[in-house]
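The structure is shown below.

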Amino acid sequence: MSWDSLIRPELEPMRPYQPGLRASQVRERSGVEHVLKLSSNEYPVGPVPAAVRAIREIATHVNRYPDGGSEALRDKLAAHLGVDHETVVVGNGSNELLRLIGQVVLRPGDEVVYSWPSFVVYPMVADMFGAKKVVVPLAPGQVYDLDAMLDAITDATRVVFLCNPNNPTGTIYGREAFARFLAKVPDHVLVVVDEAYFEFVTDPDYPDGLASFDGKRPLVVLRTFSKIYSLAGLRVGYGVLPLPLAEAIHKVREPFNVNMAGQAAAFASLDDQIEVARRREENQEQKTYLYSCFDRLGIRYVESHTNFVWFETEWPVEVFEALLHRGVIARDFGNTPALRLGVGTPDDTRATIAAFEAIVSDLGGI
Ligand SMILES: Cc1ncc(COP(=O)(O)O)c(C=O)c1O
């Protein structure tokens, strides 16, 4: 028996997703007791109090299967977003929805257009379903070049992924560029707007993808409870999709794809928009402190619309290791001369700044 003939050949070039280092791994590796995990763009403190209560309350009910259609959560999301219940689909993280979209639309040989560097799951979804990857580099300033993405579209293009704000660079494209893109994108192309960091954005030029959703044009908007809502560990993301696409996804998703605690916690979290606004503000303040440290130390960075900052370094491996050695876990991207650093609590920021000061003094620069 040959495994090669058993396993789909499209999977051969793929590599499993590599998550950022966990705090426990760093404690073991470097012996540092107090570790700051700033590698996965999580919110640095736990869920809102109502979500914690909801998780506690659900604990004694988990002998039952969850609501397979996430009906109550979808109702609440639909009201919160001002869209129809049927257009909302909830997933085991928005990551699951990215894969499900691939599963229902991509045929081998289709083309998938995305930018780079951007979220690593887009090329994975293309590979998974035997689609061809068409990569459009980010323009100078690490921003999306939507005109170049339009130029990359052919008759074979099935999906375009737009990450706004972009992970890992934290940049956004603006309203005018998006409107121009939507006016020109042909209607055989599904536009997937991934807004995982939507709630962190404060720039008035940021185009809310949902404002362009009319249920008819092939446009999907994805968001998540993993970031500002601090529910990454429970895996809840959602999308707003045209009805035929939502119905197709219901056919192929797992019957109980979102767990009971996740549904309950997400439901409760939506009521605390005051805390969401406070978090957005605190994130802005901490970013400003980080920028002032980077400015002082001569570290080049890209202004971010998210809870992470992309900064340049000629020695990404050395700087990554030096940060680890001081208990700060950043995210590296192979040979790319830059690292991504999550924004933490005020205490985290103070400790991070101290680590950068020590590293610059040791290495003479970054
Ligand atoms: C741009 C982007 N999209 C989607 C996700 C997936 O988030 P989740 O599956 O936790 O909802 C992430 C997670 O880091 C992300 O950065």
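## The sheet and its helices

Strand 2 pairs with strand 8 (residues 237-240) in the antiparallel sense, over 4 bridges. Two strands pair if DSSP finds at least two bridges between them. Helices (H or I, at least four residues) and strands (E, at least two) are DSSP runs, numbered from the N terminus. Valine 90 has tyrosine 238 in strand 8 as its bridge partner.

This is a predicted model: local features need pLDDT of at least 70, side-chain atom pairs count only at pLDDT 80 or more, and totals for chains, interfaces and linings use all residues. Residues are numbered from 1 along each chain as its sequence is written.

An open sheet of 7 strands has the order 2-8-7-6-5-3-4, with mixed pairing. Strand 2 (88-91) and strand 4 (132-137) each have a single partner strand, so one side of each lacks a neighbour in the sheet. From one strand to the next, the twist averages 20°.

| Helix | Strands touched | Direction angle |
|---|---|---|
| Helix 4 (residues 71-81) | strand 2, strand 8 | about 125° with strand 2 |
| Helix 5 (residues 94-105) | strand 2, strand 5 (157-163), strand 6 (190-194), strand 7 (219-224), strand 8 | about 45° with strand 8 |

Two residues are in contact if their C-beta atoms, placed from the backbone, lie within 7 Å. Axes are lines fitted to C-alpha atoms, for helices over the stretch in contact, and angles run from 0 to 180 degrees between N-to-C directions.
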